Structures are given as structure tokens and as C-alpha cells.
Amino acid sequence: MPDLSANDRGYVRKRESTQLEFKQSFQPGSIRSYARTMAGMANNHGGEIVFGVKDTPRIPIGLQNEKFENFDPRKINQVLLEHFSGDVDWEIKTHSQHGLIFGVIAVSEASEKPVICTRSHSESKLREGGIYFRYRGETREIRFSELRDILTAERDKEKRLWMDHIQTIAQVGPQYVQIVDALRGEMTVGDTQVIIDEALVKKLNVYKWTPTNCLARNYQRI
């Protein structure tokens with residue numbers, strides 16, 4: 001939770017940033033707009049949406065009603081699943097500071113980027129295929145330089161994962177390692193093709209091969 005202490009004029013010292021957004025109040029009808037900001041934060045380094053701070057000037061007033069505390073967080077999950085690809089890891093909580101109660105939606109950095117909008121909603125400025133990114137004090141569609149950095153980081157992560165696999169194979173011995181095609185539930189051992197039960201395939205810890213973050217095939221090392 002960011003420090004919401006005020007200066008001698010009564011304004012919150014902290015300003016909105018790449019990891020912080022202020023809202024005066026929580027509005028259940030604005031969930032898609034909040035989800036847009038959440039996706040933008042997930043595509044950057046995570047962040048927090050804090051409810052209970054007036055904008056221009058930034059005056060801490062706290063929550064003025066029980067809408068936030070009575071809200072069902074499953075509705076946020078539903079909107080995220082409806083409009084975005086990938087997982088957005090988040091939590092909702094309240095925070096007490098200086099005798100006031102603030103609402104907080106805390107968002108973690110996405111483990112796989114980019115999180116992409118899959119369904120448009122004009123009122124919430126959601127565009128199918130759009131990738132939102134949190135810049136200083138605003139969330140908007142990503143610029144080329146930031147998207148390039150995300151894709152480069154994902155490729156580097158994939159390379160490190162393959163190197164880990166190769167090192168493990170070298171330690172175990174290639175003669176003892178087989179690859180499972182988790183999409184078809186198949187594995188070839190010598191000249192024999194082994195079919196794996198679908199229920200078992202789902203229990204395997206799947207390593208995702210995602211060139212330029214587009215899931216192509218899933219493989220399992222056993």
C-alpha cells in the first residue's frame with residue numbers, strides 16, 4: 001500500500017505513476033475500465049488502484065460508502081476472462097490510514113506478456129487486439145518500443161527455459177528422456193507410439209513453448 005500521507009496543504013504527496021492510480025470512489029459499473037488499467041499494469045511492473053483519493057487536487061477522503069467492501073470480486077474475474085487473454089494476478093483489499101479507509105486493487109506483473117484485449121467495449125475504451133500498458137499517470141495502448149522490450153524479454157525467457165531443459169537432459173542422459181506431445185497426448189519411445197490418457201495429460205506440469213508470446217505447442221519433459 002502506498003503512503004497516502006498529506007502535505008501541509010492536505011494533498012497526498014505521492015502522484016499517480018506507472019504503478020499507482022487514484023480514484024475518488026469505487027463504481028461497480030466501471031469494472032471494465034478498471035480491468036483496462038489492471039491489464040496495463042500487468043503488462044508493465046504491476047501496481048495498485050487506490051479508491052478514496054480525490055483528483056486535482058489529490059485529497060485523501062477515504063471510502064464514502066460500502067460499495068467497495070460489499071462488491072463481489074468474482075465480477076472482476078469475469079470481466080478479465082471476458083475481455084483479456086492471459087492471467088492477471090490481483091487481489092482486492094481495504095487499507096486503513098490516518099483514520100480513513102481506502103479500497104485497493106493490487107495487480108502483479110504478468111508472468112507471461114503481453115496480456116491482450118480479446119473483446120471490444122467502446123464505452124470502456126477496450127479494443128479487440130489492443131495491448132494496454134501503464135505509463136506514468138495513464139493507461140493507454142502500448143507504444144512500439146515497450147512492446148518490443150516485452151517480446152524481447154519473452155524470447156530471452158524462452159531461451160533460458162530451453163537451456164535449463166538441455167542441461168537437465170545432459171545430466172539425466174538423452175537415452176532416458178522422452179518428449180510428450182501434450183496437445184495430442186502422444187509420446188514416441190523408439191519405434192513405439194504411446195497414447196496417454198487425457199486425464200493424466202491434464203495433471204502433467206506442462207512447459208509452454210511460446211515464441212513471440214504466441215502459444216504454439218505444449219511439451220512435457222519426463
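Here's a quick briefing on the protein shown above. It's a predicted model, so local features need pLDDT of at least 70, side-chain atom pairs count only at pLDDT 80 or more, and totals for chains, interfaces and linings use all residues. Residues are numbered from 1 along each chain as its sequence is written, and side-chain values use heavy atoms, leaving out hydrogens and water.

**Overall picture**
- The protein has 5 helices and 11 strands, taken as DSSP runs (helices are H or I with at least four residues, strands are E with at least two) and numbered from the N terminus.
- Of the 222 residues, 37% are buried (under 20% relative accessible area, with a 1.4 Å probe and protein chains only).

- Four strands make an open sheet in the order 1-2-4-3, with mixed pairing; two strands pair if DSSP finds at least two bridges between them.
- At the edges sit strand 1 (20-23) and strand 3 (90-97), each pairing on one side only.
- Strand 3 and strand 4 (residues 100-107) run antiparallel and are joined by 8 bridges.
- Across that pairing, Glu-91 of the protein stands opposite Ala-106 in strand 4.
- Helix 1 (residues 31-43) lies across strand 1, strand 2 (47-51), strand 3 and strand 4, where contact means heavy atoms within 4.5 Å.

- Mean pLDDT (the predictor's confidence in each residue, from 0 to 100) is 85, and 80% of residues reach 70 or more.
- Over residues 206-222, pLDDT stays under 50.
- Where pLDDT is low, the predicted coordinates should not be read in detail.

How values were computed: Axes fitted to C-alpha atoms, helices over the stretch in contact; angles between N-to-C directions. Buried < 20%, exposed > 50% of the residue type's maximum accessible area, 1.4 Å probe, protein only.
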